[in-house]
Amino acid sequence: MKESASSIGRTTGKIPGEDTGISIHKTFCSICNAPTHCGIDAYVKGGAVIKVEGSESHPHNQGALCSKGSASRQYIYHKDRIRTPLIRTGERGSDEFRPVSWEEALETIAQKLLRIKEETGPESVVFYAGYSKWFRPFLKRLAHSFGSPNYCTESSTCYQATAMAARLNYGCFGRPDLKNARCLLVWSHNPFYTNTAMTRRLMEAIDRGLKIIEVGPLITPMTRHAAVHLRIRPGTSGALALGMANVIIEEDLYDREFVDKWTHGFEEFQQYVREFSPSATEALTGVPAELIVRAARLYATTKPAALLPSASPTVHHTNGVQNHRALTALIGLTGNFDRPGGNYVVPPTWLNISTAASTREDQFKQVRQWKDMAPRVGEDVYPVWCRLTPEGQAVHIPFQIQSGKPYPIRAMLAFGMRHRMWPGSDWMLESLKKLDFFVNVDLFMTETGRFADVVLPACTSFERSELRFWVENYVMWSRPVIAPLYQSRSDADILFDLAGRMAPDDGLMQKGYEASIDWILKPSGLTIAKLKEHPAGLHLKDFQMPPYRKYEKQGFPTPTGKMEFSSTILKEEGDDPLPRYQEPGLSPRSTPEVAEKFPLILTTGARLPMYVHSRTFRLGWTRGLRKDPSADINPADGASRGIADGDRIFLSTPRASLEVRAHLTEIVPPGVVSFYHAWPDADANMLIAPDYLDPLSGYPGFKSLLCQVEKI
Ligand SMILES: Nc1nc2c(c(=O)[nH]1)N[C@H]1C(S)=C(S)[C@@H](COP(=O)(O)OP(=O)(O)OC[C@H]3O[C@@H](n4cnc5c(=O)[nH]c(N)nc54)[C@H](O)[C@@H]3O)O[C@H]1N2
Ligand SMILES: Nc1nc2c(c(=O)[nH]1)N[C@H]1C(S)=C(S)[C@@H](COP(=O)(O)OP(=O)(O)OC[C@H]3O[C@@H](n4cnc5c(=O)[nH]c(N)nc54)[C@H](O)[C@@H]3O)O[C@H]1N2
Ligand SMILES: [Mo]
């Protein structure tokens with residue numbers, strides 16, 4: 001029934017065939033994040049995409065497609081696409097550019113960057129990638145071949161701090177083994193909005209009896225499936241995790257054998273968590289003590305149990321890394337590390353996506369050792385970050401541009417730099433203006449691009465070839481379904497062309513894009529030639545997944561060879577080795593004097609289903625779903641301020657004030673305001689100071705500060 005209903009719906013009007021001139025090409029959408037990209041069937045006629053559909057043959061999305069992917073045609077054919085390479089002729093920001101040839105643009109970039117390298121050293125040039133991941137290995141390779149340690153990315157605010165916390169505890173990290181888990185502790189993650197294709201497997205697991213514990217201040221589509229929802233005050237994840245550990249240890253529900261044999265620093269940890277009795281934890285987090293106890297028991301006694309954290313909400317706080325260490329400590333405490341149904345360690349294959357196949361991505365990227373280059377941006381301020389994260393700390397770029405210390409930063413070759421994503425976004429922009437030379441490569445002319453000296457047009461995933469793996473043990477080498485629009489080119493082509501001009505000694509990059517991919521793929525036995533025989537993608541059926549409990553043979557890749565409740569690295573660096581809880585920098589408890597004027601807690605950037613950062617605001621279909629910048633406010637907080645739903649309000653912090661609309665909703669708890677971060681006409685990051693950061697990772701406190709709302 002279902003089959004035929006959907007196929008009738010699917011064939012009306014646009015039927016592939018010789019008579020209609022329509023053909024179907026397999027590709028994938030890359031509007032959101034690499035691990036969650038969906039397979040697409042693109043209907044092409046006369047060199048144009050006339051329709052897109054979720055690919056039923058693709059194991060990741062199995063035919064489904066979200067609101068963003070469905071708007072792919074509006075994305076590809078948007079009028080704001082940059083059409084030619086551009087060189088600035090007017091003042092920075094004036095939007096006066098002259099169209100130039102690729103040859104002129106690339107030669108200008110190469111000459112200018114080589115001159116800067118000669119004058120002040122290769123480290124004066126930063127190589128930067130925004131949210132896009134697919135070309136990053138080539139960008140990092142180019143930076144290192146050029147001699148600069150300063151490969152920096154948007155991951156200076158996303159994911160890497162969670163990886164850092166897990167590395168401090170375990171030396172590595174494991175993904176939830178959903179297939180075998182009986183309990184899932186979902187900590188600040190809303191896959192229904194942010195990882196939609198995964199939710200089918202989640203719902204199947206729930207139907208099989210999987211028990212869900214949800215942690216997070218907001219009500220999400222997950223909440224109604226959760227056995228327990230712990231609605232914390234933003235910024236108190238660490239305290240909650242320590243409170244759960246308290247119950248698990250006091251009630252003797254922890255895995256004694258694992259803890260005795262495989263952990264370091266348990267006594268100190270045990271001593272410390274005594275402070276976090278259920279009632280003390282309730283006072284800090286706002287979660288009723290009885291629910292904390294219930295969740296701790298459920299997680300510790302339902303075996304096996306897995307933790308599903310997110311890439312960012314637990315670390316977008318001034319206490320982020322220690323927060324995240326506290327919650328990942330629960331995995332070891334309950335003996336769920338690298339076990340079936342727990343958190344399973346599978347090394348990444350490509351672009352941080354783990355499958356059964358292995359590649360040489362790391363060797364390809366890190367072509368020069370850190371010790372053979374100047375220190376990275378931020379290395380003096382964030383040494384732990386730099387020990388554990390193979391890139392610079394980009395949040396420090398504006399500080400170093402402004403101070404010139406320890407050495408000047410004079411140029412940036414950026415792919416998708418958007419200053420609005422950084423805390424104190426005006427400070428990032430002011431600093432970029434001080435560069436001698438700034439190049440930005442993007443699909444669209446952006447606010448940041450207007451300040452660049454050279455702007456280059458990149459193309460979409462429909463117009464290029466790329467290598468992509470999926471966790472379902474699936475791989476694809478995509479082929480362009482249409483030629484690049486206007487004069488746009490793929491980022492990889494741009495990078496390999498620049499390598500020819502700027503890194504002539506890099507023999508592998510000189511051989512080109514496909515030769516480099518074949519080199520990277522070598523350990524897997526795959527080649528581009530073989531992948532081309534499978535244009536819809538290839539199942540890695542004959543590949544072996546790694547065994548569980550690898551630590552029993554190899555130990556943990558930490559300094560002690562054990563899971564560390566007390567971190568050797570943090571101790572060496574003079575930081576607190578325990579996952580100690582600290583209040584957010586701005587909170588009713590830490591700064592009561594600020595809270596008098598700004599009594600509400602502000603969390604920025606909780607995701608909306610139809611927007612991905614700045615990407616889909618331009619598209620009529622997605623924009624129509626939520627038109628105006630609006631702050632989610634609990635009806636009680638609206639009522640006490642005389643604010644009705646839809647009213648114009650000021651959303652203010654001690655740093656700035658924005659005019660937005662009130663969206664009264666029970667999704668946010670009383671006392672909390674939630675505001676999306678990337679509205680083109682109301683920039684959340686103006687509200688946040690550029691130095692409101694976690695001292696260990698440098699991550700911004702995007703998700704816990706203080707604010708007030710007021711009717712205009
Ligand atoms: N549609 C869409 N999908 C996306 C993105 C997007 O912009 N749009 N962005 C992608 C990116 S880059 C990322 S990093 C991921 C993020 O993906 P998610 O983490 O899934 O998304 P969020 O909505 O940021 O946060 C999830 C939950 O965290 C909780 N939360 C909010 N504030 C706090 C807090 O202060 N403390 C704690 N502990 N929890 C809090 C809320 O309850 C919220 O529902 O999504 C990716 N997917
Ligand atoms: N206040 C607040 N700020 C936040 C967050 C928050 O929660 N709150 N979240 C943070 C997080 S987790 C993240 S990941 C960042 C994301 O922040 P950004 O990196 O700014 O994310 P995007 O807007 O998706 O992408 C940046 C640019 O890349 C361009 N682009 C898209 N595809 C391509 C491509 O294939 N090639 C090239 N060259 N360019 C392309 C886009 O058009 C866009 O202009 O924001 C961070 N900032
Ligand atoms: Mo992110």
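## W134 and F135

In this predicted model, W134 is buried, its relative accessible area being 5%. F135 is likewise classed as buried, with a relative accessibility of 2%.

The structure contains 35 aromatic pairs in total. W134 and F135 make up one of them: their ring centres are 6.0 Å apart and the planes meet at 85°, so the arrangement is edge-to-face.

## W477 and Y513

A further aromatic pair joins W477 to Y513, with 5.5 Å from centre to centre and 50° between the planes, a tilted geometry. Since W477 belongs to strand β21 (residues 474–477) and Y513 to helix α21, this pair ties together parts that are 36 residues apart in sequence. W477 is buried at a relative accessible area of 0%, and Y513 is buried at 12%.

W477 and Y513 also take part in a cluster linked by ring pairs, whose other members are F138, W350, F364, F496 and W519.

## The buried side of helix α21

Which residues of helix α21 (residues 513–521) are buried? They are Y513, S516, I517, I520 and L521. Around the axis these residues span an arc of only 135°, and they therefore lie on the same side of α21.

Technical notes: Residues are numbered from 1 along each chain as its sequence is written. Chains are lettered from A and ligands numbered from 1 in the order in which they are written. This is a predicted model: local features need pLDDT of at least 70, side-chain atom pairs count only at pLDDT 80 or more; totals for chains, interfaces and linings use all residues. Side-chain values use heavy atoms; hydrogens and water are left out. Buried means under 20% relative accessible area, exposed over 50%, partly exposed in between (1.4 Å probe, protein chains only). Helices (H or I, at least four residues) and strands (E, at least two) are DSSP runs, numbered from the N terminus. The arc is that of the directions from the helix axis to the C-beta atoms. Rings of Phe, Tyr and Trp (its six-membered ring) pair if their centres lie within 6.5 Å; planes under 30 degrees apart count as stacked, over 60 as edge-to-face and the rest as tilted.
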